[in-house]
Amino acid sequence: MSEITLSELEKQYGETTAVEDVSVEINDGELLCLLGPSGSGKSTTLRMIAGLETPTDGEISIGEDDVTDRPAYERNTSTVFQDWALFPHKSVLENVAFGLKMRDVPAEEREERARAMLERVQMGSYDDEDPTNLSGGQKQRVALARSLAVNPDVLLLDEPLSNLDKRLREDMQIELREIHEDLEETFVHVTHDQDEAFTLADRIGIMADGNLVQVGSPNEVYENPKNRFIEGFLGDTNFIDGEVDRVTAETVHVETELGREIVLPTDEEPDIDEGAELTLSLRPEILSIDQPVSAQSDGGQTVLADGSTTNAVIGTVENVLYRGSTVRYSVSSNGTTMFVERTGASTDALTAGDDIRIDWNGADVLAFRADGTRVSL
Amino acid sequence: MTSNLHRETFEDVAFRAGYLALLVFMLLPLLVVIVTSFSGSGRIAFPPDSFSLVWYGEFFESIRWLNAFTNSLIVGFGTALAATVLGVMGAFGQEIEDGSFGKLLAPLVLIPLLIPPVILGITLLMYFNEVGLRGSYASIVLAHTLWATPLVYFVMRSVFSRFDWQQLDAAHDLGAGPIRSFVQVVLPNVKHGIFVGALLAFIISLQEFVMALFLSTPNTETIPVLAWTEIRQALDPMVSVVSTFLILISVGAIVVAVIATNLEWLSKQLS
């Protein structure tokens with residue numbers, strides 16, 4: 001069994017704190033993605049699991065064993081590095097067989113196993129090559145084979161795809177996913193690329209400033225972010241600042257910089273006071289756009305029969321940005337710029353200067369307090 | 001535009017010519033030494049009255065010179081070995097764990113180079129007398145190591161700074177302990193640098209005179225020490241012969257070093 005338990009992990013370099021508090025249980029056979037911006041401590045956390053860094057505080061156990069003070073070479077973890085770190089003076093086959101050699105596997109057997117692993121990553125015909133002559137994608141495959149050859153309890157991936165171009169990266173993501181399903185080993189994958197995390201992960205752990213902020217399934221962290229940082233980090237959104245005007249049993253009314261009151265329906269009495277500052281998140285996918293048809297629909301909000309509310313604002317298209325499959329419009333309303341998206345198939349293309357109406361369901365809006373925490377509505 | 005280009009080219013040429021002239025002027029004495037070693041007469045004169053190989057014959061018949069030659073080689077190899085082990089380990093250790101002691105290491109290692117060799121020679125003579133190493137090869141090897149280690153250390157610092165340390169992480173990660181990872185992964189990457197460092201230590205030892213003068217006995221005297229003693233008695237072309245050999249060894253070592261460091265590059269170009 002190779003579940004990993006990190007408890008209150010901390011790593012300091014002199015005065016700098018790289019990792020402040022990371023506690024998580026990673027299940028056996030799970031693929032956990034640590035996602036966060038650069039400098040959030042995700043790589044340091046991974047290196048502590050690998051044994052390449054010693055935590056200044058906290059504990060790491062793999063399976064039943066406390067491995068906190070065990071050096072990397074005494075742990076059955078294996079890392080695929082960002083720059084792959086292939087040994088340049090060894091052939092591809094020698095690279096892949098290296099870990100087995102260090103485990104004193106007899107020469108014939110380790111060559112056989114290394115060849116099998118190279119076949120597995122479709123690099124079988126490159127065994128005699130000098131790794132420095134390979135392309136990025138090929139190096140990546142060899143590095144993966146080298147790490148998998150030792151049959152590790154845990155495979156650690158430190159942004160190994162970040163140096164590949166987009167197409168290759170997407171292919172490798174699918175391949176990694178397949179390998180993970182085949183091997184049923186525990187994988188911990190570090191990335192700053194949210195698409196990669198969503199593609200690969202069973203669960204995503206989001207890191208910021210050395211802390212593990214939220215762990216959950218991709219769907220959960222996206223739909224139900226714990227704080228404003230996560231909402232902003234996962235995908236694009238419009239943050240609209242406002243102030244709570246009044247709170248009723250069913251609704252929260254927020255006076256916003258859009259010059260309109262936005263109404264948020266609530267299930268329970270929310271923990272928020274009148275006059276409190278809020279930031280609302282309006283994701284482009286909850287916004288629908290229309291040309292304003294008549295004077296009576298010039299914005300405002302209506303409470304629908306099911307208790308949810310529809311809000312709308314009128315704005316002027318300022319910019320049109322073609323992004324291939326989608327078109328992004330930057331819209332100015334009451335001096336505030338928002339962006340909305342449409343799939344490219346939409347026929348009635350809008351151009352700069354057009355007046356449009358943006359609608360959304362108030363129930364889809366997320367609200368955050370000034371300190372970043374989410375208001376549960 | 002064109003005249004500007006022309007002027008720059010002219011300045012380039014002038015600079016190169018000046019540089020070359022300076023280099024030739026400084027290297028000319030070496031040529032004089034080599035030419036005088038082929039002198040046919042008993043005194044050093046340039047150009048020589050007649051040419052012959054008579055002094056080379058004398059050299060190979062002189063037991064004293066041949067002994068000094070052997071002594072120089074023994075001390076040179078000893079110094080190369082000791083200085084390389086110390087210098088490589090120091091630089092490697094500092095890369096692995098750059099603590100507060102590491103910051104002190106560079107200036108500390110430099111100290112022997114900054115102390116006049118006369119003072120080092122006298123102090124070491126007294127010191128080795130106390131510990132019973134006087135007159136041994138070890139005493140000269142240790143003295144020369146004091147000088148050669150900083151040079152190997154600084155060569156290795158620069159070699160290690162170009163090493164991709166993630167490889168060491170990868171080796172540890174794949175189960176290689178400290179010694180195996182050094183031998184299997186670090187060494188193959190830096191072996192040319194180590195070789196160059198060792199060669200440098202060897203040459204330093206070969207030409208060092210002042211400390212060797214204090215520490216050697218007639219049994220352990222090195223070539224520079226014997227040359228000094230001989231010159232004080234008679235300035236004959238034998239000194240030129242010995243100097244020619246020293247120049248040849250140094251040039252040979254440089255050529256070997258260049259070949260060694262470029263061999264990999266060369267093989268890549270050929271394949």
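The questions and answers below concern a predicted model and set its computed values against the criteria behind the terms used.

Q: What scores does the model carry, and what is the mean pLDDT of chain B?
A: The predicted model scores ipTM 0.82 and pTM 0.80. For chain B the mean pLDDT is 88, with 94% of its residues reaching 70 or more. Where pLDDT is low, the predicted coordinates should not be read in detail.

Q: Why is A:E109 called exposed?
A: A residue counts as exposed if 12 or fewer other C-beta atoms lie within 10 Å of its own, and A:E109 has 11 such neighbours inside 10 Å, so it counts as exposed. A:E109 belongs to helix α3 (residues 107-120) of chain A.

Q: What makes strand β8 of chain A mostly covered?
A: The term buried requires 20 or more other C-beta atoms within 10 Å, and six of the six residues of β8(A), which spans residues 186-191, are buried. In a regular strand the side chains alternate between the two faces of the sheet. In β8(A), A:T186, A:V188 and A:V190 point one way while A:F187, A:H189 and A:T191 point the other way, and all are buried.

Q: How do you know that β8(A) pairs with strand β3 and with strand β7 of chain A?
A: Pairing requires at least two bridges between two strands. Five bridges join β3 (residues 31-35) of chain A to β8(A), and these strands run parallel.

Q: Why are β13 and β22 of chain A called edge strands?
A: The open sheet of six strands has the order β13-β12-β11-β14-β21-β22 in chain A, with antiparallel pairing. The edge strands are β13 (261-265) and β22, each of which pairs on one side only.

Q: How do you know that β21(A) pairs with strand β14 and with strand β22 of chain A?
A: The criterion is at least two bridges. Strand β14 (residues 277-282) and β21 (residues 366-369) of chain A are antiparallel over four bridges, and A:L278 has A:R369 as its bridge partner in β21(A). Two bridges join β21(A) to β22 (residues 374-375) of chain A, again antiparallel, so this pairing also meets the criterion of at least two. A:A367 stands opposite A:V375 in β22(A). The hairpin of β21(A) and β22(A) has four residues between the strands, and A:G372 takes a positive phi near 95 degrees there.

Q: Over how many bridges do β11 and β12 of chain A pair?
A: Strand β11 (residues 238-247) and strand β12 (residues 251-256) of chain A pair in the antiparallel sense over five bridges, and A:G242 stands opposite A:T256 in β12(A).

Q: What makes a set of residues a nonpolar core, and which residues have the most contacts inside the largest one?
A: Such a core is a set of buried residues of the listed nonpolar types joined through C-beta atoms within 7 Å. The largest nonpolar core has 74 residues, and A:V96, A:A145, A:A149 and A:V188 have the most contacts inside it. Helix α2 (residues 92-102) of chain A gives the most to this core, with seven residues. Leaving aside neighbours within four places in sequence, A:A145 is in contact with A:V96, A:M117, A:L118, A:R120, A:V121 and A:M123. Apart from this core lies another, of 45 residues, among them B:A143, B:V159, B:V225 and B:V241.

Q: How do the two domains of chain A meet?
A: Chain A is divided into domain 1 (4-231) and domain 2 (238-375), and 40 Å separate their centres, taken over C-alpha atoms. Six residues of domain 1 are in contact with seven residues of domain 2. The side of domain 1 that touches domain 2 has two nonpolar, one polar and three charged residues.

Q: Which residues and elements make the contact between chain A and chain B?
A: The contact takes 15 residues from chain B and 17 residues from chain A. On the side of chain B, α7 (166-173) and α8 (178-207) are the elements that give two or more residues, and α7(B) gives the most, with six. The residues of this side divide into five nonpolar, six polar and four charged.

Technical notes: Residues are numbered from 1 along each chain as its sequence is written. Chains are lettered from A and ligands numbered from 1 in the order in which they are written. This is a predicted model: local features need pLDDT of at least 70, side-chain atom pairs count only at pLDDT 80 or more; totals for chains, interfaces and linings use all residues. Domain bounds come from an automatic or database domain assignment. Ala, Val, Leu, Ile, Met, Phe, Trp, Tyr, Cys and Pro count as nonpolar, Asp, Glu, Lys and Arg as charged, and the others, Gly among them, as polar. pLDDT is the predictor's confidence in each residue, from 0 to 100.
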